[in-house]
Amino acid sequence: MRKKIIEFRNVSFRYGEEAPWVLKNCSFDIYEDEWVAIIGHNGSGKSTIAKLVNGLLFPQEGEILIDGQLVNEESIWNIRKEVGMVFQNPDNQFVGATVQDDVAFGMENRGVPREDMKKRITETLTAVRMQDYLLTEPHRLSGGQKQRVAIASVLAISPKVLILDEATAMLDPSGRKEIMDTVASIQDDHGVSLITITHDLQEVVQADRVIVMNRGEIWKEATPRGIFTQKDELRKIGLDVPFVAILADELKQAGVAIEMEPLDHEELLEGLWTLHSRT
Ligand SMILES: Nc1ncnc2c1ncn2[C@@H]1O[C@H](COP(=O)(O)OP(=O)(O)OP(=O)(O)O)[C@@H](O)[C@H]1O
Ligand SMILES: [Mg+2]
């Protein structure tokens, strides 16, 4: 049986006693080795979920378990060894004077023995393909390189969960691709549960499963295909659909009888090719 790494049980949250609820009775599970994308309109509660997972915030109602451990004031230091987070702005995530100091910092904070640190610095920087930049000053790196170092810094603490909250939002398309390729390979090699919070539809297509938030509630949980076939419903809650899916719809309306719901260029080409070889 697959192991649950994150469990949200009827979680409700608000930022203060008089404030409106920003999460309303949310329940979901995330399993070991799974990649889950969380999407939803601005203010739908995505970042709040991320902050609840690593105990930066606590729910007023319901419970959250990480690897079977209840998240509360007593457990947060253990929880933060299990959960690594990377945020949007690469410039706000550096504390070290060099790339290797930066990766070392999180480990020092969590009491990783010195002997292990050097080995882990090399391993994690290699995993993000930044092993040649050990002594580089962070400000000399590109945005994508900075985010890869930020990922290495959280990987160094061997988390069970890696959360990327809009971690590619400030990058150009090639920087985004670098990050997504990096996390995909890390997920294969390190067996972490990966949560990506994003507005980028191409990132969503790569996930195993998608949780769609709407006004603080879980609107739907499904595979990327299960989500993006509901184009009209998605638009109603302020979300886009991938360009290829729109194109495929228009082709169908124009009489091109593609028999599938393509999510990326390759699938669309395959659909068109199948059609062509039949006629
Ligand atoms: N520190 C805070 N104090 C008060 N309200 C907050 C705070 N942080 C977030 N909120 C409110 O909580 C709601 C959910 O915010 P959250 O940041 O979780 O949304 P989000 O889905 O991550 O949005 P975005 O896509 O813009 O990042 C919003 O209405 C927001 O204004
Ligand atoms: Mg957010």
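**Salt bridges and a pocket in a predicted model**

Mentor: Start with Lys 146. At 10% relative accessibility, Lys 146 counts as buried. Keep in mind that this is a predicted model.

Trainee: Which residue forms a salt bridge with Lys 146?

Mentor: A salt bridge needs a Lys or Arg side-chain nitrogen within 4 Å of a carboxyl oxygen of Asp or Glu. Here the partner is Asp 91, with the closest N and O atoms 2.6 Å apart. Asp 91 sits in the loop between β6 and α3 and Lys 146 in helix α5, so the pair ties together parts 55 residues apart in sequence.

Trainee: How many salt bridges does the structure hold?

Mentor: The count is 20. Take Asp 67 and Lys 160, whose closest N and O atoms are 3.0 Å apart. Asp 67 is in the loop between β4 and β5, and Lys 160 in the loop between α5 and β7, so this bridge joins parts 93 residues apart in sequence.

Trainee: Is Lys 160 buried or partly exposed?

Mentor: Buried means under 20% relative accessible area. Lys 160 has 31%, so Lys 160 counts as partly exposed. Lys 160 also forms a salt bridge with Glu 82, at 3.1 Å between the closest N and O atoms. Glu 82 lies in helix α2, 78 residues from Lys 160. At 16%, Glu 82 counts as buried.

Trainee: Which residues are linked in a network of salt bridges?

Mentor: Lys 3, Asp 67, Glu 82 and Lys 160.

Trainee: What is the volume of the largest pocket?

Mentor: About 540 Å³. Its lining has 20 residues, and those closest to the centre are Met 85, Phe 87, Gln 93, Arg 110 and Val 154. Helix α3 gives the largest share, four residues. By class, the lining has 10 nonpolar, seven polar and three charged residues.

Notes:
Residues are numbered from 1 along each chain as its sequence is written. Chains are lettered from A and ligands numbered from 1 in the order in which they are written. This is a predicted model: local features need pLDDT of at least 70, side-chain atom pairs count only at pLDDT 80 or more; totals for chains, interfaces and linings use all residues. Side-chain values use heavy atoms; hydrogens and water are left out. On a 1 Å grid over the protein atoms alone, a cavity is a set of points where a 1.4 Å probe fits but cannot get out, and a pocket is an open set with protein on both sides within 12 Å along at least five of seven lines; lining residues have an atom within 4 Å of a point. Grid points are joined across faces, edges and corners, and a volume is the space filled by probe spheres set on the points. Helices (H or I, at least four residues) and strands (E, at least two) are DSSP runs, numbered from the N terminus. Ala, Val, Leu, Ile, Met, Phe, Trp, Tyr, Cys and Pro count as nonpolar, Asp, Glu, Lys and Arg as charged, and the others, Gly among them, as polar. Buried means under 20% relative accessible area, exposed over 50%, partly exposed in between (1.4 Å probe, protein chains only).
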